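Subject: Structure for you, with notes on side-chain contacts

Hello,

Here is the structure you asked about. My notes follow it.

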Amino acid sequence: MANAGMGRGAWARQAAWEFFGLELKRRREAAGLTQGELGRRVFVSGGYIGQFEQAIRKPQKDVAGRIDEALQTDGFFERMWRKLIADSPYADYFAAVAELEVPATRICQFAPTVVPGLLQTAEYARAVTLATNPFVSEDYVEEKVTSRMERARILKDATRPEYWAILHENVLRVPVGGPAVMAWQLDHIAALARERTVLLTVVPCEVGAYASMAGMLQLMEFDDAPPTAYTETSFSGTLLDDPAVVKRVQRAYDLLRVAALSPEASLAMVESAAEDYRRCPSTT
């Protein structure tokens, strides 16, 4: 069932994925296949097929294509997958990640340069969007900012995931949007940490080299599915579910935890940086 806390756009996408799942179940049963039998034919577990049918988890494009082959559905599921991804407000490589965050029981993120989307304020999100897309329309900017704020609503739900965030100190020091925007942004992060919505730690610059210097990473855990990892650089991202690869990402995250300050020292650093921005003349 679609989450009652979702915005209209997210609700509509979830409803469409639920239709995808119902149609998958109908056509699988019409073909006389169990979830396990279909799973073996498309190289995923029967449990995955069940999660696709319940719209708990969304298949990747190659899996949707293999489902079409197994059920002889003439490309129906791959076409529907393409339509749902095209309608997403997120980049193609990130759309599936945003969908997976909803049923996740734990999300662990590391951000080396930019505040993670789940922690961003609208002003910060706007500044990031304009820096990357200086010639777009105001409608485009508003759509991006709105979708990011909508995505962050999962942290306000009663069933919100356990959320860990490790930031590199660089995230605090680059004045995205100017001092006033950064002061508000860091105040927002500090408030979420004090409310225990996020377990926040910071890797200080003095550490030097650290794990995952090439880009951000994210781990997601679920009640009834194996963990999934996601890595991202400037113009691409990769969703990873191979157990051996996910284990390597988990190890990198463990190394980042070791390098980070304690939650108390990290919160103090964030609050100190916010105060530094407030002292800047442009914030008054």
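Arginine 28 is buried, at 6% relative accessibility (buried is under 20% relative accessible area, exposed over 50%, partly exposed in between, with a 1.4 Å probe and protein chains only). Its salt-bridge partner is glutamate 29, with the closest N and O atoms 3.9 Å apart. A salt bridge here means a side-chain nitrogen of Lys or Arg within 4 Å of a carboxyl oxygen of Asp or Glu. Glutamate 29 is partly exposed, at 46%.

Before the rest, the ground rules. This is a predicted model, where local features need pLDDT of at least 70, side-chain atom pairs count only at pLDDT 80 or more, and totals for chains, interfaces and linings use all residues. Residues are numbered from 1 along each chain as its sequence is written, and side-chain values use heavy atoms, leaving out hydrogens and water.

Salt bridges

The structure holds 16 salt bridges. Glu23, Arg26 and Arg27 are linked in a network of them. Glutamate 23 meets arginine 26 at 2.6 Å, N to O. Arginine 27 reaches glutamate 23 at 2.8 Å between the closest N and O atoms. Glutamate 23 and arginine 26 are three residues apart in helix 1 (residues 8-30), so about one helical turn separates them. Arginine 27 and glutamate 23 share helix 1 too, four residues apart. Helices are DSSP runs (H or I, at least four residues), as are strands (E, at least two), numbered from the N terminus.

Arginine 26 is partly exposed at 48%, and arginine 27 is partly exposed at 23%.

Rings

Arginine 27 also lies over the face of phenylalanine 76, 4.3 Å from the ring centre. The rule: NZ of Lys or CZ of Arg within 6 Å of the ring centre and within 35 degrees of the ring normal. Arginine 57 does likewise over phenylalanine 222, at 5.1 Å.

Phe76 belongs to a cluster linked by ring pairs, with Trp17, Phe20 and Phe77. Rings of Phe, Tyr and Trp (its six-membered ring) pair if their centres lie within 6.5 Å; planes under 30 degrees apart count as stacked, over 60 as edge-to-face and the rest as tilted. That gives six aromatic pairs. One of them is tyrosine 48 with phenylalanine 52, edge-to-face at 6.2 Å and 65°. Both lie in helix 3 (residues 46-53), and both are buried.

Phenylalanine 94 and tyrosine 230 also pair edge-to-face, 5.6 Å centre to centre. This pair links helix 6 (residues 92-101) to strand 5 (residues 228-232), 136 residues apart.

Best wishes
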